[in-house]
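Please look over the sequence and the structure shown here before reading on.

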Amino acid sequence: MGLVSGAAQAPAERVPKQDRSRATRQRLLEAAVACLAERGWAGSTVSVVAEHAGVSRGAAQHHFPTREDLFTAAVEYVAEERSTALRALFPEGAADRRAVVTALVDLYTGPLFRAALHLWVAASNEDQLRTRVTELEGRVGRETHRIAVDLLNADETRPGVRETVQGFLDMSRGLGLANLLTDDATRRAGVVTQWSQILDTTLD
């Protein structure tokens, strides 16, 4: 009787455990990005992230066996979340290009970009990490470009349009770099206005 009862209860017990596991993984990913943005690579150990997430170091290593696993997964996770958020921001497409330009610039001036920058710096000195981060950034970059093309209603079959969109994204990355050192909001607003006009002229 006890065996039958235990077998019947096992599936019900597994569901909450899986939910807890997913929740723990998500907390670790979010904590890793926050730590990387706030403390940089050198100050973001697995132990620090685990403490920030409120889980044990063993639980963190269960989900992510190495430090590199944790941080590349964290930046990828948040990048995907931001991509989803950007698309959700304009579900029917956006007629106002300035709103699109502002949203895309915000992508490069938020904590994700700051965290990714620390990861790039670390990757430049670590061969194993460099390979993984390069592949990740290529994927994220292509997705961001696709989102920009869609939201800006850009026709890349026209000469110069692809380069214009990419130039805008490169400029946005530059604004993100400038924002790391000082509050660049005032100058950034002027640049956003100018680029909105450039895109209107080029893409229409």
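**Briefing on the predicted model**

Asp-204 and Arg-97 are joined through their side chains in a salt bridge, at 2.9 Å from N to O, a salt bridge being a side-chain nitrogen of Lys or Arg within 4 Å of a carboxyl oxygen of Asp or Glu. Because Arg-97 lies in helix H5 and Asp-204 in the segment after H9, this pair ties together parts that are 107 residues apart in sequence. This is a predicted model, in which local features need pLDDT of at least 70 and side-chain atom pairs count only at pLDDT 80 or more, while totals for chains, interfaces and linings use all residues. Residues are numbered from 1 along each chain as its sequence is written, and side-chain values use heavy atoms, with hydrogens and water left out.

**Salt bridges**

- The count of salt bridges comes to nine.
- Arg-97 also meets Asp-200 in a salt bridge (2.9 Å, N to O), and since Asp-200 lies in helix H9 and Arg-97 in helix H5, that pair ties together parts 103 residues apart in sequence.
- Arg-97 is buried at a relative accessible area of 8%, whereas Asp-200 is partly exposed at 34% and Asp-204 is exposed at 61% (buried means under 20% relative accessible area, exposed over 50%, partly exposed in between, with a 1.4 Å probe and protein chains only).
- Glu-76, Glu-135 and Arg-139 are linked in a network of salt bridges.

**Nonpolar core**

- The largest nonpolar core has 60 residues, and those with the most contacts inside it include Leu-28, Phe-71, Leu-152 and Phe-168; such a core is a set of buried Ala, Val, Leu, Ile, Met, Phe, Trp, Tyr and Cys residues joined through side-chain atoms within 4.5 Å.
- The largest share of this core, nine residues, comes from H4, where helices (H or I, at least four residues) are DSSP runs numbered from the N terminus.
- Leaving aside neighbours within four places in sequence, Leu-152 is in contact (heavy atoms within 4.5 Å) with Arg-97, Val-100, Val-101, Phe-168, Leu-199 and Leu-203.

**Helix H7**

- H7 has 26 residues and reaches 37 Å from its first C-alpha to its last, close to the 38 Å expected at 1.5 Å a residue, the expected span being 1.5 Å times one less than the number of residues.
- The buried residues of H7, among them Leu-129, His-145 and Leu-152, pack against H4, H5, H6, H8 and H9.
- Just after H7, Asn-153 takes a positive phi of about 55°.

**Annotated region**

- UniProt, in an unreviewed entry, places the feature "DNA-binding region" at residues 45–64, and such annotations may be inferred rather than shown by experiment.
- Over residues 45–64 the chain is 75% helix and 0% strand (strands being E runs of at least two residues), with the end C-alpha atoms 12 Å apart.
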